Amino acid sequence: MTRKWDARDAGREVAREAIQSLKTPPNFVLLFSTIHYDKHGGFDEFLKGVWDVLPEGTPLLGGTVPGFINNFGCYARGATALAVSCPHMDVVMSMGKNTKRNPYKAVKQSADMLQKGFEKSQYQHKFIFNFVSGPEVIKIPGQGYKKVVDSGLISKFILPAYGITQYFLQKGLGREDEIFEKIVEYFPESSMILGTANDDNRGISNYQFYNKSLLTNSMVNLGISTDLEFDVCTTHGMTPSGIDFEITKLSRNGHIIHKINNKPAVQELNRLLKWPKGFLNEKTMTHTILYYPISLRRHGREVPAVLTFILKDSILIPCVIDKGTVSILTVSGKKLVHAMQENLQYCQALKPEFGIVSTCTTILETLGYKINIIKDEISNYFQDKPFIMFLSLGEGTYSPEKDITYANMSFNTAIFGKSKK
Amino acid sequence: MRDDPIELVLIDLLKLDDILACMVARQNMISVMPDQNLFDPSVMEVWDIIKRAMDDVFVVVKEYSQAGLGEIEFRLQDYEVLFYILPDTENALVAIIPALSNKGLIDVEMENARQEINNIRNKQDNERLINA
């Protein structure tokens, strides 16, 4: 990992540290960086620094994240990399462009590349790492970047404009949930983990790394075929609060809740939570509503999600959902720690060799530096074996046995190793 | 004093967009402070009132640091002032941030800085002991 400020130096250091203990060239390198290098030399320079050190032709993939946890600590600035060298592993890289405009076309582009790569491998066990450009906030003329729009007039403008900006400017939701559902359709026999690229949680810009290319609004995938054992697991610490409601009017694209219990959504949510009118504003948003995720439904599955944008009377949610009964959930720091323990307990049968973990940025917002407790739990499990946990906005796992689990505020592990039996 | 390792930690923190000013301080005394030209100019406009409020908070820090007080913060106008108390001392790492910052991310880097400062202080104490 690196904490250097200069992009080129940081790129060199993170690559050098990642590969220094390997005896053979890496099969692949996963690389995550905070957004800071944008202002300290730029990500082109950062990647040049990485390739100053990395052996030519190494598959490299990753992107910008708000923060990360690795064997050394928890960081909201710097870069980290995981280099894996394994004789029993084939690797294929793929990518798809314009994920916000046309996610299905992007998935097809990426899936075709993955399919061709997988066909060449002799190993039966297949795993796919999915990393998708995350949401980007729309800049409202005269208002800037906002999460709560309390003007009815501006909201009326934004609601129809939302689809237009999504298509033409590729600003808006990441659509990673739709991408995840689609790629599972292509590879139902593979296990997968999902994470999203972001900046420092402002949602203004994010990047994806794909070998020497710096991408935006893209998905990058790493396909692994191996005879190593692996498993994926999603857990979250959310429990029902006992407050339920009915979504009675939902936008056609399934992203905006207009009415709850046949009343304007925000007013009714305030009533249910016993919050005064106008309580949800730009100042209170991160201290209030993120602590009340809701259990949404999608194709019969439970989708715990946070409510990220308020548009006067409507609520914009980060994923596609179905109408129906919804529960408001609660979460506490203790329950989050327990959820991580539960997740690692699930993988006790594996003696880990390396691990990839995606988790929600809101968990860090909830725990602050106490997220070190989570780091200690993971470190105890991996001991001296490498892992990276990166912060995301929309994450999940899939396995043929457990189906899709897409969630916010969750812990998602993909652990590779050998069976203890 | 540019090579004071604690000052270098503070300069590093100041490079984060949301850290408008930072220092290591105790009641009525600033122990280590980077060049004020590195501070966000908007903070300097309200510096006098923030400094007075800080001194009042340090009364509480002094009273409870030995009892395990870890962090304390207050919001004043459009700013938040964060105090990360250095263990077993009346000193704190202090940062001034905008009121609407992503505090979780800042919290992680403030804690990393506190640990770095602690390590530097411990190292300096050990060197003093060896020299004595």
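The domain assignment of chain A, whose bounds come from an automatic or database assignment, gives domain 1 (7-135 + 173-235 + 334-419) and domain 2 (239-330). The model is a predicted one, in which local features need pLDDT of at least 70 and side-chain atom pairs count only at pLDDT 80 or more, while totals for chains, interfaces and linings use all residues. Residues are numbered from 1 along each chain as its sequence is written, and chains are lettered from A and ligands numbered from 1 in the order in which they are written.

Taken over C-alpha atoms, the centres of domain 1 and domain 2 of chain A are separated by 29 Å. Across the boundary, 14 residues of domain 1 of chain A are in contact with 13 residues of domain 2 of chain A, where two residues are in contact if their C-beta atoms, placed from the backbone, lie within 7 Å. On the domain 1 side, the elements that give two or more residues are α5 (176-186), α9 and β27 (403-407) of chain A; helices (H or I, at least four residues) and strands (E, at least two) are DSSP runs, numbered from the N terminus. The largest share of that side, three residues, comes from β27(A). By class, the side of domain 1 of chain A that touches domain 2 of chain A has six nonpolar, four polar and four charged residues, with Ala, Val, Leu, Ile, Met, Phe, Trp, Tyr, Cys and Pro counted as nonpolar, Asp, Glu, Lys and Arg as charged, and the others, Gly among them, as polar.

Helix α5(A) is mostly covered, since eight of its eleven residues are buried; a residue is buried if 20 or more other C-beta atoms lie within 10 Å of its own, exposed if 12 or fewer, and partly exposed in between, with C-beta atoms placed from the backbone. The buried residues of α5(A) are A:E176, A:D177, A:E178, A:I179, A:F180, A:E181, A:I183 and A:V184, and they pack against α3 (103-119), β7 (125-133), β11 (191-197), β14 (218-226), β26 (395-399) and β27 of chain A.

In helix α2 (residues 43-53) of chain A, the buried residues are A:F46, A:L47, A:G49 and A:V50. Seen down the axis of α2(A), these fall within an arc of 150 degrees, so they line one face of the helix, the arc being that of the directions from the helix axis to the C-beta atoms. The buried residues of α2(A) pack against α1 (7-19), β1 (28-33), β2 (60-64), β12 (208-210) and β13 (213-215) of chain A.

In helix α6 (residues 265-272) of chain A, the buried residues are A:A265, A:V266 and A:L269. Seen down the axis of α6(A), they fall within an arc of 95 degrees, so they too line one face of the helix. Their packing partners are β17 (256-260), β18 (263-264), β21 (309-311) and β22 (314-316) of chain A. Just after α6(A), A:K274 takes a positive phi of about 60 degrees.

The loop between β22 and β23 (324-330) of chain A holds A:P318, which counts as buried because it has 25 C-beta neighbours inside 10 Å. Leaving aside neighbours within four places in sequence, A:P318 is in contact with A:P135, A:L173, A:A305, A:T308, A:G394 and A:N408.

Leaving aside neighbours within four places in sequence, A:I388 is in contact with A:L30, A:F32, A:F68, A:N70, A:T80, A:L82, A:I356 and A:V357.

Between the chains, 17 residues of chain A are in contact with twelve residues of chain B. On the side of chain A, β4 (73-75) and α9 (361-367) give two or more residues, and β4(A) gives the most, with three.

Chain B itself has four helices and five strands, which follow the pattern α-β-β-α-α-β-β-β-α along the sequence. Of its 132 residues, 35% count as buried.
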